[in-house]
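The following questions and answers examine how one protein chain is packed. Each answer works from the coordinates towards a single name or value.

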Amino acid sequence: MRKIIFAGIDEFDSPSEPSSSGRNSFRFSLFRPFWINIVPLVLTQSKIQCVTVQTVKEWALVLTARHLEYEIEKVETGYGLYVPRWLVKAAVEEIRTYRHENVVKDREDAESALPKAASNVQSVLGIWAVVTAFFIITGSPSHLGGYQINWHAAGLGDTGAIIHGAWYRAITPLFLHADIAHVLSNVATGAIFLCMLCRRTGVGLGYFLSLSAGIVGNVLKAILQGPGQHFIGASTAAFGMVGLLGGLFAVVTPGSLFTRRSLLPIGAALTLLAFLGSGGDEPAGIDLAGHVLGFTAGILFGVGEGLRQRWFGRLGGQADMIMGFTALIVTATAWTAAIWTMF
């Protein structure tokens, strides 16, 4: 029988004196057969077969940086670091890489293994500036290759057209706005939520998920409201970001899934939806359906991404870049199709 000293992916308390109150104090894990102690696996090529609690803490911080679930437990030979069976390979590789990179400084503060958010924020704001420039360009007709392009006519959201196969009209309206005030409001809210999201997912995947939530929200709008609805604006994607954050944090919060604590982020996201969702995307009125459906799509995508991170960890840099390029290709293809239909 094993006793759990600490469980989760958050900061550590002292393992020597566990709290006598609360549900996290000394839980028995008799019914946890699918959790594996990875300490012996990490040390397979080492003469050392046990580690101190300080070393286990450092390794756990490495897993925290990759958003891998773990538990620290007292065992006969010292301390064990347990992870779900399906995470064993990823966790062992991460810790071996960490040990290899820190041979000379084994006792360096393990928090250096945590991902730095500054570069992510700079990347998000840089790409967002390009997106904002495109928002402004599409605000009025322009010339392209000797032809005059009426961006609003080409990319206006039309529920009837979407239902009849004009798939690109679920994407292009996300890049159109009524006026400069409309652009600035969506840019400001989008930048805040996108920076928060990309800190947890990576820049490429963050953009891909935000775009996907906006697209699915517009498709659901066409299906549920039927023909006759016209819309523009990025706020469907912006509220998709809010939903993504709520769904993601609800799942990656340390502890059991779908408890009162884990559902708090979704409650906070719903509060933001109620507070900010009264603004409209259309000159004629409030696009409440777009806000709610984008938010709903975001919740679903956020829960899905949270489960993926909980089981497999965050995407690597190359995979994250691929997701970002995929979002770019989808956007470019949609606008190409929209413009092509004008000629």
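Q: With which residues is Gly 217 in contact, leaving aside its neighbours within four places in sequence?
A: The model is a predicted one, and in it Gly 217 is found in helix H8. Once neighbours within four places in sequence are left aside, the contacts of Gly 217 are Thr 236, Leu 293, Gly 294 and Ala 297.

Q: Is Gly 217 buried or exposed, and what is its relative accessible area?
A: A residue counts as buried under 20% relative accessible area. Gly 217 is therefore buried, and its relative accessible area is 0%.

Q: What separates the C-alpha atoms of Gly 247 and Ile 299?
A: Gly 247 lies in helix H9 and counts as buried at 0% relative accessibility. Its contacts, apart from neighbours within four places in sequence, are Ile 266, Ile 299, Gly 302 and Val 303. Although Gly 247 and Ile 299 are 52 residues apart along the chain, their C-alpha atoms are separated by 4.6 Å.

Q: How do H9 and H11 pack, in terms of angle and axis distance?
A: Two packed helices are described by the angle between their axes and the distance between the axes. The crossing of H9 and H11 is right-handed. By class, the residues of this contact comprise 11 nonpolar, 13 polar and 2 charged. For H9 and H11 the angle is about 35° and the axes are 6 Å apart.

Q: What is the relative accessible area of Phe 135?
A: Leaving aside neighbours within four places in sequence, Phe 135 is in contact with Leu 174, Phe 175, His 177, Val 183, Val 187 and Ala 234. Phe 135 is buried, with a relative accessible area of 3%.

Q: Which residues are in contact with Leu 211, leaving aside its neighbours within four places in sequence?
A: Leaving aside neighbours within four places in sequence, the contacts of Leu 211 are Ile 171, Leu 174, Phe 175, Ala 327, Val 330 and Thr 331.

Q: At what angle do H2 and H3 pack?
A: The crossing of H2 and H3 is right-handed. The contact involves Glu 58, Trp 59, Val 62 and Leu 63 of H2, with Ala 91, Glu 94, Ile 95, Tyr 98 and Arg 99 of H3. By class, it has 6 nonpolar, no polar and 3 charged residues. The axes of H2 and H3 are 10 Å apart, and the angle is about 115°.

Q: Where is Leu 87 placed?
A: Leu 87 is buried, with a relative accessible area of 1%. Not counting residues up to four places away in sequence, Leu 87 touches Leu 68, Glu 69, Arg 310, Trp 311 and Phe 312. Its place is in the loop between strand S4 (78-84) and helix H3 (88-101).

Q: What value is phi of His 67 near?
A: His 67 is found in the loop between H2 and strand S3 (70-75), and at 9% relative accessibility it counts as buried. Most residues other than glycine have a negative phi. Phi of His 67 is positive, near 60°.

Q: What percentage of the residues of the chain count as buried?
A: The secondary structure of the chain comes to 12 helices and 8 strands. Of the 343 residues of the chain, the share that count as buried is 47%.

Conventions:
Residues numbered from 1 in each chain as written. Predicted model: local features only at pLDDT ≥ 70, side-chain atom pairs only at ≥ 80, totals over all residues. Heavy atoms only, no water. Helix = DSSP H or I, 4+ residues; strand = E, 2+ residues; numbered from the N terminus. Buried < 20%, exposed > 50% of the residue type's maximum accessible area, 1.4 Å probe, protein only. Contact = heavy atoms within 4.5 Å. Axes fitted to C-alpha atoms, helices over the stretch in contact; angles between N-to-C directions. Left-handed = near helix turned anticlockwise from the far one by under 90°. Nonpolar A, V, L, I, M, F, W, Y, C, P; charged D, E, K, R; others polar.
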